[in-house]
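Colleague: I have the files open and a few questions. Can we go through them quickly?

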Amino acid sequence: MNLQGNWAFAKAGIKVWSAYRFEGIVMMLSTPISLIIYYFLWKSIYAYMGTATVGGFAFPEMVNYYILSMIVGFVTWSEVDKWMENDLIWGRMITGLLKPISFITWYMSFEIGINLMNILWQMIPVFLIGFVFFGLRTTTAFNTIAFLISIVFAFFIYFGMTYCLGLTAFWLKRIAGLRRLRRATLGFFSGSFIPLTLFPAWSQTIFHYLPFEYTKFVPITIYLGTITKAMIIKSLAIQLLWIAIIYFIAHLIWKRAIKRYASVGL
Amino acid sequence: MRDLAYKYDFLIKTISVVFSDLIGPLVTLFIYNTTSGLPGWTFSQLMLFQGTLILVMGLARTSAFTLSWWVLDAINEGEFDQYLLKPYPTLLYLLALTTDHYGIAEIIVGLAIVIHSAMQIGIPFFTLATLAYIILVIAGYFVHLSANIIISSMGFIAVKSEALEFLYSKITDFARYPLNVYGTGIRFALTFLFPIAVSSFYPAQALISGVTAKMLLITLLPVAAFFIASLMLWRHAIKSYSSAGG
């Protein structure tokens, strides 16, 4: 590990974020819009139905779910496939290969820099707005710590999958379509739009064997405490397992990609 | 046309557009499977609502969404002057230039959902309500066109408009669910100030429960005002651009 090097590239990410800070601030102001929409939508659904829970969530928990969904989203956010596509197309990839740190940690440090700013400027405001206006509740110390660990793991899973997709640009060059599909798939199957407990039972069983729910839904349930302590420990272990699998796959794809890169010299 | 140079990417992009569109109907399906649904809307009615939104978004994607990206890019790169020199009205020329093919797939998906759910509900096809529906769908397209003209114009006036683009996409999210779930203030804003509800709620409601001429007029007037305001802003922006000398 070369922490000094990592920090240098994280700072590059911070600078890129700062160049777009006006966007960042407008985003900070417009993110509560999604919360308002989901709040009213579920309020009318619960009122119309008259029963207390939907998919295991009472109304206040459902609102909490969407606040937490946004919070996790700020940490896991990754557009590394976009940087990779652009770097390849504009011929900048070669500079990445010459950096004094490994290729993947170069991109990762950069993304961590951007996400640190997202956490500061977007996640913390959403936390506060959630507490003050939308009744976000606190949780036990154990769940809080487990939640924090699980969102860091979630970042590595999300980043790893996005990075694998970015590597396909070595073969496909333009991957804008795949990136779009990636965003929609990850959003939908991780529970960004509705909690996964509202999905048909058979699909929920399949989700347990896929990495998607570990990037959002599982961290949220850890915070909300809807799963037992034993399940939380198990979930964290499965997250670690997914990280190992995804980075092993990324390594395999990378080895083939770099061979191709050297021989073709795109 | 540059997109066609990468045929594989073009195919995947079309699939991704369709998949993203189907998220709304899928969420609707899951909500109706696990709850009693939304007040005032049966499952088929809400599917018609979602199909209408996809249809309007498809029209807007075909000829509106790309406009603002294109203009903002051209301003940043200093390439905008060439468009002013063409012997065509600048805005129409830019609209023709920025036609997006993916919208066509979206229009087909939207229409299929609308027709299927209309048949399930048992709505007759050739009535005045259908005519009102078509008018309102076109009006919904004009709301998005106007919004994109405003964002483009702001590119000349303020330096950065990408933030407006984000705000616009967030406000558009309000149109994903029927107006009657929101409070009075939001309903008013989405009908009269930023008439985004015309891209889903008003056409769907007109087709399902009919519409009077008066109601139609009240819905269309804010859209007309919004469109005229966007054209005025565009003119102002173009003028300030030429006087500044690029």
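Helix packing, chain B

Colleague: Is the crossing of H2(B) and H10(B) left-handed or right-handed?
Modeller: This is a predicted model: local features need pLDDT of at least 70, side-chain atom pairs need 80 or more, and totals for chains, interfaces and linings use all residues. Helices are DSSP runs (H or I, at least four residues), as are strands (E, at least two), both numbered from the N terminus. A crossing is left-handed if the near helix is turned anticlockwise from the far one by less than a right angle, and right-handed if clockwise. For H2(B) and H10(B), the crossing is right-handed.

Colleague: How are H2(B) and H10(B) set to each other, by name of the angle class?
Modeller: Axes are lines fitted to C-alpha atoms, for helices over the stretch in contact, and angles run from 0 to 180 degrees between N-to-C directions. H2 (residues 43–63) and H10 (residues 201–209) of chain B come within 9 Å and cross at roughly 140 degrees. Under 35 degrees is roughly parallel, over 145 roughly antiparallel, 65 to 115 roughly perpendicular, and the rest oblique. H2(B) and H10(B) are therefore oblique.

Colleague: Which residues of H10(B) does H2(B) meet?
Modeller: Contact means C-beta atoms, placed from the backbone, within 7 Å. H2(B) brings B:Gln45, B:Leu48, B:Phe49 and B:Thr52. Those four meet B:Pro203, B:Ala204, B:Leu207 and B:Ile208.

Colleague: At what angle do H1(B) and H6(B) cross?
Modeller: H1 spans residues 7–34 and H6 residues 102–121 of chain B. Their crossing is right-handed. The axes come within 9 Å, and the angle is roughly 35 degrees.

Colleague: Which residues of H6(B) make the contact with H1(B)?
Modeller: From H1(B) come B:Lys13, B:Thr14, B:Val17, B:Val18, B:Asp21 and B:Pro25. The contact divides into seven nonpolar, one polar and three charged residues. On the H6(B) side are B:Tyr102, B:Ala105, B:Glu106, B:Val109 and B:Ile113.

Colleague: Which element gives the largest share of the side of chain A that touches chain B?
Modeller: Residues are numbered from 1 along each chain as written, with chains lettered from A and ligands numbered from 1 in written order. The contact takes 31 residues from chain A and 31 from chain B. On chain A, H2 (21–49) and H9 (176–190) give two or more residues. The largest share, 14 residues, comes from H2(A).

Colleague: What radius of gyration does chain A have?
Modeller: The radius is taken over C-alpha atoms, and the globule rule is 2.2 Å times the number of residues to the power 0.38. With 266 residues, a compact globule would be near 18 Å. Chain A agrees with that, at 20 Å.

Colleague: Is A:Lys173 partly exposed or buried?
Modeller: A:Lys173 sits in the loop between H8 (169–172) and H9 of chain A, with a positive phi of about 65 degrees although it is not a glycine. Buried means 20 or more other C-beta atoms, placed from the backbone, within 10 Å of a residue's own; exposed means 12 or fewer; partly exposed is in between. A:Lys173 has 15 such neighbours, so it is partly exposed.

Colleague: What separates the C-alpha atoms of A:Glu79 and A:Trp106?
Modeller: A:Glu79 lies in the loop between H3 (59–76) and H4 (80–89) of chain A. A:Glu79 and A:Trp106 are 27 residues apart along the chain. Their C-alpha atoms are separated by 14 Å.

Terms used:
Two residues are in contact if their C-beta atoms, placed from the backbone, lie within 7 Å. Ala, Val, Leu, Ile, Met, Phe, Trp, Tyr, Cys and Pro count as nonpolar, Asp, Glu, Lys and Arg as charged, and the others, Gly among them, as polar.
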